[in-house]
Amino acid sequence: MKKHLFMAIVLCHIVLTACQNTPKESTTTESIDTDTIIVDADQYLLMETSEGNITLKLYRETPLHRHNFMKLARRGYYDNQLFYRIQHKLAIQAGDPKSKGATRETPLGGNDVDYTIPEEIQPDKFIHKRGALAMASYYKMEKSSGGHFYIVTGFKYSDTKLFNAEDAYNKRLRKEVFDSITQTEPYGKQLKEYAKDTKRHMPKIREIKKAITAETDKVMAKRKQFHYSAEQRNLYKTTGGAADLDGYYTVFGEVIDGMDVVMKIENRAVNKDARPYEDVIIKSVREIEKPAEK
């Protein structure tokens with residue numbers, strides 16, 4: 001199954017494996033384990049790479065992802081891994097354990113830990129702004145990869161592109177509601193029965209879908225449409241990011257220092273698989289105290 005990470009901009013799913021490699025599918029979800037990690041606090045990590053250092057802040061409001069990333073960092077999971085995929089004006093991605101010491105012939109992007117994480121998508125708070133830290137996903141909008149992450153580089157948005165991103169997000173929400181109602185009784189049972197002979201039952205199928213649409217309209221009428229705040233809109237217009245990914249993947253942190261290093265990595269030349277010709281190594285990822293304000 002392809003790991004979808006970004007996906008959105010070109011809907012080239014950068015997520016998880018982000019775009020094209022085929023990783024093994026993970027079927028289990030890991031619960032919070034016994035690692036001692038502060039429950040209600042932001043946490044900070046220093047990522048030392050072959051191109052320089054990147055300081056990351058992990059959000060307290062996304063505890064499952066924060067905890068998981070911190071746990072893997074403590075265990076040295078990311079040490080000596082490569083940024084195996086770079087998509088210009090979108091993001092840089094890592095997380096494949098087999099990238100450690102990989103040769104140029106080693107396929108990357110299809111290896112991961114053996115669990116997934118429930119989504120913690122909160123576009124009202126955390127968006128794919130430039131420097132955002134997010135988790136790739138095998139199941140967009142549902143579960144995140146346990147190990148693959150990406151850092152957003154992106155591009156600056158116009159008002160039109162932002163309106164389009166909002167519209168696309170709201171349409172995804174509507175489709176989720178429509179699909180959910182479709183599975184309820186009696187709709188689900190009836191559609192399953194009529195599917196045995198769609199040609200004969202097409203009029204009835206149309207009636208059922210019309211009824212589901214009406215039910216969907218009622219639900220959506222009670223829901224507030226998603227719109228970027230003035231601050232978020234300004235960030236996308238002046239600093240940039242990847243708004244097309246909002247609502248698909250969980251943003252759980254951000255770069256607070258070393259964005260110049262991220263951009264240096266993003267500017268590397270890549271091959272047809274978006275892998276840089278020259279390896280970019282994550283030497284280590286370690287926990288640090290909250291950096292002093294600059």
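Reply: The protein chain has six helices and ten strands, where helices (H or I, at least four residues) and strands (E, at least two) are DSSP runs numbered from the N terminus. This is a predicted model, in which local features need pLDDT of at least 70, side-chain atom pairs count only at pLDDT 80 or more, and totals for chains, interfaces and linings use all residues. Residues are numbered from 1 along each chain as its sequence is written, and side-chain values use heavy atoms, with hydrogens and water left out.

Rings of Phe, Tyr and Trp (its six-membered ring) pair if their centres lie within 6.5 Å; planes under 30 degrees apart count as stacked, over 60 as edge-to-face and the rest as tilted. By this rule there are 14 aromatic pairs. One of them joins Tyr59 and Phe126, which are stacked at 4.0 Å centre to centre with 15 degrees between the planes. Tyr59 lies in the loop between strand E2 (52–58) and helix H1 (63–74), and Phe126 in the loop between strand E5 (116–118) and strand E6 (132–135), so the pair ties together parts that are 67 residues apart in sequence. Tyr59 is buried at 5% relative accessibility, and Phe126 is buried at 12%; buried means under 20% relative accessible area, exposed over 50%, and partly exposed in between (1.4 Å probe, protein chains only).

Tyr248 and Tyr249 form a tilted pair, 5.9 Å centre to centre and 35 degrees between the planes. Tyr248 is buried at 10%, and Tyr249 is buried at 2%. Arg172 lies over the face of Tyr248, 3.8 Å from the ring centre; a charge sits over a ring if NZ of Lys or CZ of Arg is within 6 Å of the ring centre and within 35 degrees of the ring normal.
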